[in-house]
Amino acid sequence: MTTARRYEEAKERYAAIGVDTDEALKKLSNVSISMHCWQGDDVKGFDGDGVLTGGIQATGDYPGRARNPKELMADIDKALSLIPGAHRLNLHASYAIFEDGEFADRDALEPRHFAAWVEFAKERGLGIDFNPTYFSHPKASEFTLSSPDEEIRSFWIRHGQACIRIAEYFATELGTPSLVNIWIPDGYKDIPADRLSPRARLKDSLDQILSVDYDKSKVYVAVESKVFGIGLESYTVGSHEFYMNYAAQKGILCLLDNGHYHPTEYVSDKIPSMLLFYDKLALHVTRPVRWDSDHVVIYDDELKEIAKEIVRNNALDRVLIGLDYFDASINRIAAWVIGMRSMLKALLYALLTPNEKFASLQKEGRMTEVMMMQEELKFYPFADVWDYFCEQKKVPVQNEWFREIQKYESEVLLKRK
């Protein structure tokens, strides 16, 4: 049976419960997910010696890591060719591209150091999001924006200001807003004597970063919390409570990374509360295994719940979705494709849910019926709608994409020594 025929039969089944599959696919077509560049080279970047610090680790030694901008861009191209839809690229500042032996430290980065990325994005119709890189640098060995050393703190403030200017350049050149996300690894391994002062310094640093003149319609600044990190088990300066309140006060975005909370906390449950108080919300979607381990995103329960909360609250245009993980133990391009396709699958599943009917049943107290229908929905022909979407977007259906990965690995990746 053809993909189109299977889709028509699925369409009829979903229509019987009040779901318009054509409309669901139309909405999914308009979703742009920000794909993180750092999966392709294990977060090493181009401006240092490749040694990761700040609690960042990429485990594994699978062959074929991108070693330079040309290889990373080629790998991104291959991944995007296997993912349905039109998406975005998420860069870290450490991926600046220097020409003719030039080098600029992070506080002196300028838009021209990212001109090659803009050219790359223009040719492919991509938007670019951006992240200051507050790790893997000699001046990030202890503290950054909360440092008691004013020289170090000023260095990182200048870096944040430079990143806002670069993001505005991206937005102007590409015609789409750029999200600038600030995350720092500052904290203490053991119980601190003073929790307030580091946060006061962080607040002042952020105030100075935001003092630069920028177009807020082009640049969305976000702050990202974390509950703990390697070597920072007892205290992180940038906690969720700190950033949530700071973002609300300053009118910027709060970014939720679902690996940055206690194991019993769920970002899916936080989304509807945040949407009540913020015009927009940013996400870094990952898969924590016991802790913030940044495993490849798969189609699991929490991913589906995150997607449900975005869709059922009509927030596809308010939630900025980016992925954030890095796995060096498997084919890196496959890791991109699996994660991106899984995120899209979760959104499609949510779009194929009779959300208004479920909400109405809940309001009437008919929770038994809600549970029954939610369970029955799991066996509806979701896969047939997904396959049709992939075929319409001219990307491989089912696991056919993996043959392309295997071919690319054989012809390109294994030749990188």
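What share of the 417 residues in the protein chain is buried? Buried residues, meaning those under 20% relative accessible area with a 1.4 Å probe and protein chains only, make up 55% of them. The model is predicted, so local features need pLDDT of at least 70 and side-chain atom pairs count only at pLDDT 80 or more, while totals for chains, interfaces and linings use all residues. Residues are numbered from 1 along each chain as its sequence is written, and side-chain values use heavy atoms, with hydrogens and water left out.

The protein chain has 14 helices and 12 strands, taken as DSSP runs (helices H or I, at least four residues; strands E, at least two) and numbered from the N terminus. Its radius of gyration is 22 Å, close to the 22 Å from the globule rule for 417 residues, so the chain is as compact as a globular protein of that length. That radius is taken over C-alpha atoms, and the rule is 2.2 Å times the number of residues to the power 0.38.

A nonpolar core is a set of buried Ala, Val, Leu, Ile, Met, Phe, Trp, Tyr and Cys residues joined through side-chain atoms within 4.5 Å.

| Core | Size | Residues, among them |
|---|---|---|
| Largest | 132 residues | I76, W117, L145, L283 |
| Another, apart from it | five residues | L179, A222, L255, A282 |

The four residues listed for the largest core have the most contacts inside it. Helix 10 (residues 332-351) gives the most to this core, with 14 residues. Leaving aside neighbours within four places in sequence, I76 is in contact (heavy atoms within 4.5 Å) with M35, C37, L89, W117, F120 and W336.

Key: Buried means under 20% relative accessible area, exposed over 50%, partly exposed in between (1.4 Å probe, protein chains only).
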